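Subject: Structure for your files

Hello,

Here is the structure I said I would pass on. My notes on the interface and on one of the chains follow below it.

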Amino acid sequence: MRLSDKAGLRQRRIVHGFLIILSFSLMFLGKADLTALHNLRMAGSEFLAPIVDTVSAPIRGIETMIEGVRTVASLRAENVRVQAENDLLKRWRRRAEILESENRQLRSVTGAATVENRIPITARAVTAPGGSFAHTVLISIGAGKGVVRGNPVVTADGLVGIVIDVGVKHARVLMISDINSRIPVILASSSWPGLTVGQNGPFLELQFLPGEAKPKIGELVLTSGHGGVLPNGLPVGRVDKIEGDKIRVSPAVDFRQLSYVSVLVGGLDGIDNSDLDLGNFYTPLPVTGSTRLLKGLNSSGKRR
Amino acid sequence: MKDQRSYFEKADFHSDFPLQFLAAAFGLMLVLIELGLAHWPIFHGAAPNLSLVFIYYVMIYHSKLLPIFSIFLIGIFGDFLFSDLLGGRASALMLLAYVIQYRISRLQQSDFGELWLDFSISFTLISLFQLVLFMLINMAIPSLNPILFQIGVTLLLLPFGFLMMFAFHSLLQKMKVV
C-alpha cells in the first residue's frame with residue numbers, strides 16, 4: 001500500500017468516525033429538547049413542507065383514484081346503508097335536542113364544567129406518520145394564524161393531538177397515538193379519571209385508573225380538561241379491550257384517513273407556557289387560594 | 001505540443017462526483033416518496049423503507065457511488081422528515097454500510113435468494129438497533145406490530161426494487177454503448 005493510499009484511508013476513517021459520533025450526539029441532543037434544535041427542526045420542516053407536498057401529490061392522487069374505484073363499486077350498498085343511517089340520525093337528533101335542553105337546565109342548577117371558548121381553524125395535514133418510532137403530522141397553518149404550542153388539534157370525530165412545534169406557516173402535531181403522548185381523560189359513563197398513553201400503534205392504553213373503576217367495553221373516553229391545556233369533553237376513544245390491568249382504547253379518530261384537521265386556537269390563558277417551551281407538558285395547578293380547578297369541579301374532581 | 005482538450009475530457013468524465021451527487025439526490029427523493037406513501041391508509045405508521053433497498057443495492061454493486069457522507073445525509077433527512085430520533089436512522093444506515101463493505105466480495109457473488117435472506121437479517125438488525133436506542137432514550141417499549149409490518153413490506157418490495165434498479169442500470173449501460 002502506497003503512502004498516499006494510507007493517508008487517504010486514515011482520512012476516510014476519521015471522517016467516518018466523526019459522522020458516527022455526530023449521529024449519536026444528535027440523538028442525545030435531540031432528546032435534550034434544546035430550543036435551538038427545536039427551532040432548527042421546525043425551520044427545516046417549514047422549508048421542506050412544499051417539497052414534501054409536491055412529491056406526495058401524485059402518490060395521494062393514486063390513493064384517491066383507488067378510493068374512487070372502490071367507492072363506485074360499493075355505491076349501491078352504501079346508499080342503502082346511508083339511508084338507514086340517516087333515519088337513525090334523525091331519531092338521535094330529536095333525542096339530542098331533548099337532552100341538550102335538559103342539560104342546559106341542569107347546568108344552570110349545578111354550574112357544571114363547560115368547554116372554554118376556542119376558535120377552530122381548519123388546516124391540511126401535509127404529512128402522515130410513516131415511521132414506526134414517532135407519530136407526528138405536519139399541518140399547513142402556524143404562528144401566522146395564531147397557533148401556539150399546546151393548542152389541541154381535532155376532527156369532527158375527536159382529538160388528534162397537541163401542537164408541539166410552531167413555524168410561521170406550518171406546525172407539527174404530536175398525535176395521541178405517539179408513545180410520548182399522555183392525555184388526561186375521564187370515562188364518560190362512570191367519570192373515573194385516568195391517562196391515555198400512546199403506543200406508537202393503532203391503539204392507546206388507559207393507565208392510572210383508580211382501583212375501584214370498572215370500565216366497560218365500548219365506554220366512551222373523553223378529555224378531562226385537567227391541567228388546562230386541553231378542553232374537557234373532547235372524545236379520545238372507546239374502551240376496546242380489557243385484559244387484567246391493561247385497558248386498551250381504540251382512538252375516536254381514524255388516523256389513517258387524516259386529511260384535514262381543526263386547531264382549537266386560544267383558551268391557553270393562565271397556562272404556564274414556559275413549561276411548554278421546554279417541551280415539558282406538565283402544567284402546575286394555578287395557586288389562587290381557591291380549590292376550584294374547572295368551573296363546577298373541585299380539586300378532587302367532584303362536582304360542587 | 002500536447003492537445004489540451006484531452007486533459008479537460010479526463011477531468012470531466014472520470015470524476016465520480018456527479019454520479020455520487022445523483023445517487024444521493026435519488027436517495028433523498030426515495031425518502032420523500034416514503035413519506036408520500038405514508039398517506040396510504042395501509043402504510044400508516046409503517047411506510048416501506050425504500051431508501052434502505054436503494055442503499056443496499058448500490059453498496060453491493062456500485063459502492064463508489066454512495067460515500068458514507070451520502071448515507072449519513074439520507075439517514076438524517078429521513079429522521080428529520082419522519083420526526084424520528086435525530087441520528088437514529090443515520091447511524092443505523094452507516095453501520096449497515098460498514099457491514100456490507102466488510103462482506104462485499106461475498107455478497108457480490110451471492111445469488112438473489114441469498115441476498116434476500118441477507119437483507120432480511122440486515123433490516124431486522126437495523127430495526128432492532130433503532131428499537132433498542134428508542135427504548136433506552138424514551139424508557140418505553142413501542143408497539144412492535146408496525147415495526148414488523150414495515151420489515152415485512154420492505155422485504156416484499158426488495159425483488160421489485162432490485163428489478164427496477166437492474167433495469168435502470170442496463171438502460172444506462174446501453175445508452176453509454178450507443
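Buried area here means the accessible area, taken with a 1.4 Å probe, that two parts lose on being put together, summed over both. The model is a predicted one, and the values below are computed from it.

Interface of chain A and chain B

By that definition, chain A and chain B bury about 4200 Å² between them. Carbon and sulfur atoms give 71% of this area. On the side of chain A, the residues that lose the most area to chain B are A:Met27, A:Arg41 and A:Phe133. Together these three account for 18% of what that side buries.

Counted by contacts, the interface brings together 46 residues of chain A and 50 residues of chain B. As for polar interactions, nine residue pairs are in polar contact across the interface, with both residues at pLDDT 80 or more. The count of salt bridges between chain A and chain B is zero.

Which elements of chain A each supply at least two residues of the side that touches chain B? They are helix H1 (3-31), helix H2 (35-73) and strand E5 (171-175). The largest share comes from H2(A), with 14 residues. By class, the side of chain A that touches chain B consists of 24 nonpolar, 16 polar and six charged residues.

Chain B

Chain B has eight helices and zero strands, so that from the N terminus on its elements read α-α-α-α-α-α-α-α. The axes of helix H2 (residues 17-37) of chain B and helix H3 (residues 50-61) of chain B come within 8 Å and cross at roughly 155 degrees. Because angles over 145 degrees count as roughly antiparallel, H2(B) is roughly antiparallel to H3(B). H2(B) contributes B:Ala23, B:Phe26, B:Gly27, B:Leu30, B:Val31, B:Ile33, B:Glu34 and B:Leu37 to the contact. From H3(B) come B:Leu50, B:Ser51 and B:Phe54. By class, the residues of this contact are eight nonpolar, two polar and one charged.

B:Ile104 lies in helix H6 (residues 104-108) of chain B. Leaving aside neighbours within four places in sequence, B:Ile104 is in contact with B:Met59, B:Ile60 and B:Ser63. For B:Ile104 and B:Met59, the separation is 45 residues in sequence and 8.2 Å in space, C-alpha to C-alpha.

Regards

Technical notes:
Residues numbered from 1 in each chain as written. Chains lettered and ligands numbered in written order. Predicted model: local features only at pLDDT ≥ 70, side-chain atom pairs only at ≥ 80, totals over all residues. Heavy atoms only, no water. Contact = heavy atoms within 4.5 Å. Salt bridge = Lys/Arg side-chain N within 4 Å of Asp/Glu carboxyl O. Polar contact = N/O pair within 3.5 Å; in protein donor to acceptor, adjacent residues only side chain to side chain. Helix = DSSP H or I, 4+ residues; strand = E, 2+ residues; numbered from the N terminus. Nonpolar A, V, L, I, M, F, W, Y, C, P; charged D, E, K, R; others polar. Axes fitted to C-alpha atoms, helices over the stretch in contact; angles between N-to-C directions. Parallel < 35°, antiparallel > 145°, perpendicular 65-115°, else oblique.
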